[in-house]
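Open the model in your viewer and keep the selection tool at hand. We will go stop by stop, and each stop says what to pick and what is there.

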Amino acid sequence: MAPALATADASLAWVQKDLSVQAYEGTSNRQSLELSFSGDATAPGATINGNLRGVASVDLTTAATMGDGHATVTLTINLPSQAEDSYVGNIQLTDKGKPLQQPLHIAVATQRWDSQNIPSEPTTPSPDRVSIVEGTPVVNDQLTVAVAEGVADPAAVIRDIASTYGAQITGAVPELGIYDLRLPGATGDVVDAVRTALRNRSDVAGAAYSYLANQQSYTNDPVWSPSPSSHPDMTWNLTQIDAPSAWDDSTGEAVNVGVIDGGFYPQHIDLSRNIARVSTPTKVEAHGTHVSGSACADGNNGNGSVGVAWRCKLNLQSVRTMDYQYGNFNSELSVISSILASMREIAQSTPKPRVVNMSVGMQLSFDCTRNSLTTKQSQMLEDFDFFGLLMRMTAQKNPSILWVIAAANEGKPARCSAFGGLGTDQGLPNVVTVAASTRAATQASYSAYGDGITVAAPGGESGAGVFSTNAPSCNTLIRGCAGAGYYYSQGTSMAAPHVTGTAALAFAANPALTAGNVKKCLIDGAVAGGKKIPGQSYSIINAKKTVDCALGRLSTSSIPVTAFSTNAKSAFAQRADGSVWAWGDNTSGQLGIGTDLVTNSLPTPIPGLTGAKSISTGLATTFALMNDGTVRAWGDNSHGLLGNGTTNNANLPQPVPGLSGVRSIVINESDTPSMGFGYSPGLPGDTVFAVMNDGRVMAWGENPSGVLGNGSMDRSLVPTQVQNLAGAVDVTSQGGTAWALKNDGTVWAWGDNSEGQLGIGEPSHAKALKAQPVAIDNVTKIQSGLHALVALKADGTVWAWGTASYGLVEGNGIQPAPVQRSGLSDISKISVTRNTGVAVRKDGTAWGWGWNGGGEAGVGIRGSYSGGTWANNIVQPAQMPNISNVRDVRVGMALTADGTSWQWAGQIFGVAPMYDPEPTQSVGGVASILPVQSTRWVIKSDGTLWGWGQSSQLFTQYAQYVPGKVLG
């Protein structure tokens with residue numbers, strides 16, 4: 001040991017006097033140095049000489065105390081891209097600027113990269129190779145490459161790639177087949193070109209820019225720690241999730257609970273009795289100590305705090321992310337390596353944990369869901385899939401473990417964080433992602449949100465944090481050590497362990513449960529007993545209801561139905577817990593339940609589909625618009641409706657690539673009627689439209705008469721933009737024609753014009769391959785009929801154009817331009833099905849006109865059929881009898897202000913109660929109505945779904961003559 005030079009305040013000395021280091025050029029390296037001390041240095045420092053001075057630094061203010069008068073400090077060596085062969089110098093410790101001892105001599109030997117040698121671990125780039133792009137640190141000359149799964153020799157592939165592009169292999173995670181490739185001296189355009197080329201190779205799963213992950217993403221939960229006296233209620237978090245009620249049935253006894261975090265203090269008096277395992281080495285850190293206490297702090301011991309599952313057994317695993325740290329950042333590959341190593345180690349520990357808490361992660365620095373992303377932002381969003389790959393692989397390899405992940409703290413959509421969007425992934429039934437709630441049971445302003453979040457839990461806020469265990473403060477030479485205690489903190493890191501602890505309660509109550517079972521109980525318990533987060537699809541967990549579910553005491557049949565969609569053969573109900581339930585025809589996998597059953601007669605939850613804003617039902621293809629503005633599709637793909645560039649069917653929901661910021665999904669209606677007669681509603685067609693938040697319209701699928709509006713007549717298997725159209729807020733389509741309502745009240749049309757339905761002139765103008773303006777303005781609503789369009793204007797008048805053969809459009813023959821519909825004024829709502837129209841006036845009366853072969857107009861006149869001709873079309877709008885105070889109307893049903901639903905014929909093949917041509921009462925206490933072909937549906941105010949009519953796929957018998965409860 002070098003002799004110490006004592007001062008009146010302290011004595012510091014290096015434990016070693018010579019150090020030799022080997023480091024690669026263009027990398028940032030960290031080396032732990034040990035020193036001894038006695039007393040407190042009031043102003044410790046270090047000076048460096050020689051050429052080492054330009055590349056090395058030591059920060060004594062962040063020294064880590066080891067005990068027994070010893071501490072470690074971190075030496076950082078940043079070798080530039082064009083490094084010298086060696087760097088030599090001395091580091092002299094000082095206090096108040098005065099030398100304290102003989103210097104530590106350091107010699108650094110520079111190593112050079114090549115294209116054949118593969119490092120055994122990641123490296124972190126030197127600062128001269130890093131730029132800030134879109135607020136995120138990016139390595140200028142490097143790509144991260146994942147070799148495709150199933151490749152026999154990933155190392156040979158990466159060596160071949162490196163040789164081809166003159167690259168250097170600068171880092172690796174061999175377990176995943178992921179490597180860092182440096183392109184020395186390459187410009188941004190060259191790196192872009194190589195990235196694109198690699199992503200097109202069959203032996204490459206992905207190629208991404210190399211990013212640096214902010215270390216603070218792991219532990220930077222906003223902390224607020226005034227004196228405990230300012231928080232009279234230290235248990236609001238436990239009360240919010242009703243944990244005390246759950247303790248009557250379970251305290252998490254003996255359940256092995258894993259916690260992956262930066263470090264812990266397992267000797268804490270509120271943790272020590274519950275410790276089953278601690279990984280080595282383990283740093284002493286407050287964050288992991290707080291998280292562990294929130295989940296499993298000991299109870300009934302007369303000390304400080306109590307955890308949700310206070311009789312669990314803690315399995316503590318440190319993440320070694322600091323090993324390859326550059327400044328405040330880690331290389332992306334080192335983050336993957338560290339988290340992967342931690343997850344694998346804890347999954348292989350004995351006994352294996354039933355649930356693992358991960359309050360770790362990374363997040364993009366921009367809102368990745370906004371409508372207009374730059375090219376670089378879109379590329380960065382694609383590149384973030386590496387983290388999803390990591391979690392997906394680990395979770396699928398360890399299906400018996402429930403992985404609980406804290407969402408990020410940047411107040412952005414969960415999709416923008418590394419793991420935050422995985423909680424609703426249908427392929428990950430054992431992954432839960434947690435948002436943070438406040439003491440007032442609202443979503444915390446800092447919390448990630450939206451699609452991908454499974455549940456919420458107490459995370460706290462400024463002035464009302466979560467109270468839990470703390471680690472001793474032994475992190476500087478100046479302050480020395482302070483005892484362990486408790487503190488308040490806020491963040492999604494604090495929310496996740498509440499879910500982890502609740503899962504432990506469920507596992508203890510019923511050890512036979514699988515991870516997927518417990519995830520479902522967490523969701524069902526949250527819906528049954530927790531408060532729903534406003535504007536989101538998820539709710540705050542309820543420990544009592546979760547345990548009830550684990551013990552079989554919670555019925556999911558009581559979960560309210562919030563929305564419903566059907567094509568009269570397949571049906572989809574959205575429920576208050578964010579789940580979607582499906583039943584009926586499944587010939588092409590359109591139920592999305594992951595099976596090939598031709599018919600599924602019982603409502604079944606679609607695996608992993610939560611956070612749906614709306615469901616759109618095609619003939620055999622189904623679409624979910626998610627809360628985050630993305631779209632998922634499943635079912636028949638023979639016409640390319642899945643939008644993924646293939647024609648392969650899918651029996652589970654799949655993302656529609658490239659779609660985000662979607663406002664609504666519209667499926668066009670086929671020209672082909674459902675039963676071969678002109679009166680019946682047409683079946684859904686083979687073209688899909690997505691109305692975007694920014695006013696664009698995207699379309700894909702079949703393209704009869706140019707209905708895609710992209711300037712061609714060819715079908716498209718991927719979304720393409722409708723040309724000559726901006727500012728759209730709604731779209732409607734039937735057959736080969738589509739119409740758009742713009743935000744300025746104008747209407748634009750494209751596609752088939754054989755019967756003047758475009759409204760732009762005579763039908764001699766056969767079609768329009770791009771959107772064209774219609775001579776009408778001040779429109780608030782549009783509805784398409786068969787070769788016709790009906791528009792409601794702001795002044796309450798109704799206008800229509802196209803075929804006038806059935807009375808929907810004013811006059812006779814063809815009306816190629818908008819014509820006002822006589823007999824209709826002061827109208828507030830309209831609804832059109834093929835050639836029948838119905839409307840509500842502002843005085844609450846309901847009116848009908850047009851095709852009436854089956855009494856569809858609802859005006860009390862039954863149609864007749866003789867000699868191949870239908871009679872009694874309603875060419876002049878007439879008021880519906882028996883009904884007033886109407887607040888909603890559809891062809892075949894109406895809803896009055898008192899919550900009563902009314903029905904009329906609508907289909908000549910409809911069952912008896914529906915055949916009356918004038919409105920009759922059906923069900924009371926109704927919130928919404930939906931007539932579809934030969935079926936009628938209502939969602940009642942109590943959240944139950946009722947249905948009746950004619951459908952062998954949706955009802956237990958061919959025809960259900962009276963309304964019956966289906967779900968809820």
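Start with strand E47. Both of its faces are covered: Ala788, Val790 and Leu792 on one side are buried, and so are Leu789, Ala791 and Lys793 on the other. Buried means under 20% relative accessible area, exposed over 50%, and partly exposed in between, with a 1.4 Å probe and protein chains only. E47 spans residues 788-793, and six of its six residues are buried. In a regular strand the side chains alternate between the two faces of the sheet.

A word on the model. It is predicted: local features need pLDDT of at least 70, side-chain atom pairs count only at pLDDT 80 or more, and totals for chains, interfaces and linings use all residues. Residues are numbered from 1 along each chain as its sequence is written, and side-chain values use heavy atoms, leaving out hydrogens and water.

**Stop 1: the neighbours of E47**

Select residues 779-785. This is strand E46, joined to E47 by six bridges in an antiparallel run. Two strands count as paired if DSSP finds at least two bridges between them. Helices (H or I, at least four residues) and strands (E, at least two) are DSSP runs, numbered from the N terminus. Find lysine 781; it stands opposite leucine 792 in E47. Now look at the turn. The hairpin of E46 and E47 has two residues between the strands, and histidine 787 takes a positive phi near 60 degrees there.

E47 and E48 pair in the antiparallel sense over five bridges. Which residue in E48 is the bridge partner of leucine 792? It is valine 798. This hairpin has four residues between E47 and E48, and glycine 796 in the turn has a positive phi of about 85 degrees.

**Stop 2: an open sheet**

Move to strands E56 to E59. These four strands form an open sheet in the order E56-E57-E58-E59, with antiparallel pairing. Strand E56 (886-890) and strand E59 (920-923) stand at the edges with a single partner strand each, so one side of each has no neighbour in the sheet. Neighbouring strands here are turned by 30 degrees against each other on average, direction ignored. Strands of a sheet pair through backbone hydrogen bonds, either parallel or antiparallel.

Zoom in on E56 and strand E57 (residues 893-896). Four bridges join them, antiparallel. Valine 886 has threonine 896 in E57 as its bridge partner.

**Stop 3**

Select helix H11 (residues 515-529) and helix H12 (residues 543-550). Their axes come within 8 Å and cross at roughly 130 degrees. Axes are lines fitted to C-alpha atoms, for helices over the stretch in contact, and angles run from 0 to 180 degrees between N-to-C directions. H11 and H12 are therefore oblique to each other. Angles under 35 degrees count as roughly parallel, over 145 as roughly antiparallel, 65 to 115 as roughly perpendicular, and the rest as oblique.

Show the side chains. Cys521, Leu522, Gly525, Ala528 and Gly529 in H11 meet Lys545, Thr546, Cys549 and Ala550 in H12. Contact means heavy atoms within 4.5 Å.

The axes of H10 and H12 come within 9 Å and cross at roughly 30 degrees. That makes H10 roughly parallel to H12. On the H10 side, pick Thr502, Leu505, Ala506 and Ala509; on the H12 side, Ala543, Thr546, Val547 and Ala550.

**Stop 4**

Most residues other than glycine have a negative phi, and most peptide bonds are trans.

- Threonine 350 and proline 351 are joined by a cis peptide bond, with omega about -5 degrees. Proline 351 is in the loop between helix H7 (332-347) and strand E22 (355-358).
- Arginine 834 has a positive phi of about 50 degrees, though not a glycine. Look in the loop between strand E50 (827-833) and strand E51 (836-841). Buried or exposed? Arginine 834 is buried, with a relative accessible area of 3%.
- Asparagine 885 has a positive phi near 55 degrees. Asparagine 885 lies in the loop between strand E55 (874-879) and E56.

**Last stop: zoom out**

Show the whole protein. There are twelve helices and 63 strands. Of the 968 residues, 59% are buried.
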